[in-house]
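This briefing concerns selected local features of one protein model. Please consult the sequence and the structure shown here before turning to the points that follow.

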Amino acid sequence: MSERSSDSFVSAEHKEYLRRQKIYRLQIFAVQILLLLGFIALWEVAATQRWIDPFITSQPSRVLRTLVSLHNEGNLYMHTGITVFETVVGFTLGTVIGTVIAVILWWSKFISAVLDPYLVVLNSLPKIALGPIIIVWAGQGMTAIIAMALLISVVVTILGVYSGFSQVDANKIKLLQSFGASRWQILKKVILPASVPTIISALKINVGLSWVGVIVGEFLVSRAGLGYLIVYGGQVFRLDLVMTGVIILSVAAAVMYQGVVLLEKFAMKWR
């Protein structure tokens with residue numbers, strides 16, 4: 001069926017509704033862009049007019065010059081690439097390992113009951129406090145940084161995904177059991193498809209947690225990466241470098257989050 005013939009089945013009222021929704025989304029996007037540009041302009045003017053101290057707060061023009069300088073020196077992409085790689089690895093491992101452990105907990109009620117208090121304690125424990133221990137175990141390198149990101153995200157993933165598994169409609173499970181479905185078939189046909197929104201929510205949370213873990217790890221042991229740039233800038237009082245690192249982190253985290261949003265759209269279609 002051609003696009004023209006399919007459009008003939010859409011009522012005029014529905015077309016008008018879709019048009020209004022598109023305009024509404026464009027308005028939201030436009031306001032978001034204006035807010036960002038307004039903040040940047042206000043920041044620049046405030047620093048130029050000395051309403052704020054540009055040495056402490058930096059300003060957009062200085063951040064831009066720092067970006068150009070890092071680009072010309074060849075350090076911008078090296079530091080950004082190292083941090084992004086560490087974050088993606090920690091994020092992926094935390095999500096996969098956490099989901100697998102959540103499946104194991106759902107599969108065995110005995111294991112779930114045994115591990116429940118330990119998971120609660122691990123979730124409430126400040127993971128940063130384990131940083132020195134991880135450095136001793138994993139060494140002062142990329143492995144320790146990835147381990148920190150993994151440790152911060154994996155427990156949250158386990159608890160979130162397992163909670164989603166536990167909230168699946170029991171009637172659907174009983175229906176499959178009445179037809180003689182195995183536990184694996186129930187997991188594949190009911191539990192996982194019904195828990196897609198929960199898993200996606202865990203992914204969105206893990207984006208931020210993974211970045212926190214990586215930056216904390218780079219604060220402690222790294223000699224390269226955005227966390228190292230921020231620490232180095234603070235030590236030598238180059239606040240422009242600090243703000244530049246923070247802005248790059250914000251952009252990279254936003255891009256990674258949008259990647260999860262695209263994955264959500266694909267996963268919801270599969271579901």
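With a relative accessible area of 56%, Leu262 counts as exposed, because that class begins over 50%, while buried means under 20% and partly exposed lies in between (1.4 Å probe, protein chains only). The model is predicted: local features need pLDDT of at least 70, side-chain atom pairs count only at pLDDT 80 or more, and totals for chains, interfaces and linings use all residues. Residues are numbered from 1 along each chain as its sequence is written, and side-chain values use heavy atoms, with hydrogens and water left out.

**Helix H13 and its residues**

- Leu262 is found in helix H13, which spans residues 239-270; helices (H or I, at least four residues) and strands (E, at least two) are DSSP runs numbered from the N terminus.
- Leu262 and Ala41 are 221 residues apart along the chain, and their C-alpha atoms are separated by 31 Å.
- Thr244 also lies in helix H13, but Thr244 is buried, at 1% relative accessibility.

**Positive phi angles**

- Ser58 is not a glycine, yet its phi is positive, at about 60°.
- Ser58 is placed in the loop between H3 and helix H4 (60-73), and with 0% relative accessibility Ser58 is buried.
- Arg50, likewise not a glycine, has a positive phi of about 65°.
- The loop between helix H2 (12-48) and helix H3 (54-57) holds Arg50.
- Arg50 is exposed, its relative accessible area being 59%.

**Nonpolar surface patch**

- Val96, Val100, Ile104, Phe110, Ile111, Val114, Leu115 and Tyr118 make up a nonpolar patch on the surface, and together they have about 740 Å² of accessible area.
- Patches consist of residues with over 30% relative accessible area and no salt bridge; like charges are joined within 9 Å, and nonpolar side chains (Val, Leu, Ile, Met, Phe, Trp, Tyr) within 5 Å.
- A salt bridge is a side-chain nitrogen of Lys or Arg within 4 Å of a carboxyl oxygen of Asp or Glu, and accessible areas come from the Shrake-Rupley method with a 1.4 Å probe, with only the protein chains shown counting as cover for residues.
- At least two residues of the nonpolar patch come from each of helix H5 (76-107) and helix H6 (109-124).
- H6 supplies the largest share of the nonpolar patch, five residues.
- Leu115 is found in helix H6 and is partly exposed, with a relative accessible area of 33%.

**Packing of helices H11 and H12**

- Two packed helices are described by the angle between their axes and the distance between the axes.
- Helix H11 (residues 196-221) packs against helix H12 (residues 226-235) at an angle of about 50°, and their axes are 8 Å apart.
- Here axes are lines fitted to C-alpha atoms, for helices over the stretch in contact, and angles run from 0 to 180 degrees between N-to-C directions.
- H11 and H12 are therefore oblique to each other, since angles under 35 degrees count as roughly parallel, over 145 as roughly antiparallel, 65 to 115 as roughly perpendicular and the rest as oblique.

**Lysine positions**

- Lys189 is placed in helix H10 (residues 183-194) and is exposed, at 58% relative accessibility.
- Lys189 and Ile104 are 85 residues apart in sequence, and 17 Å apart in space from C-alpha to C-alpha.
- Lys15 is placed in helix H2 and is partly exposed, with a relative accessible area of 43%.
- Lys15 and Ala41 are 26 residues apart in sequence, and 39 Å apart in space from C-alpha to C-alpha.
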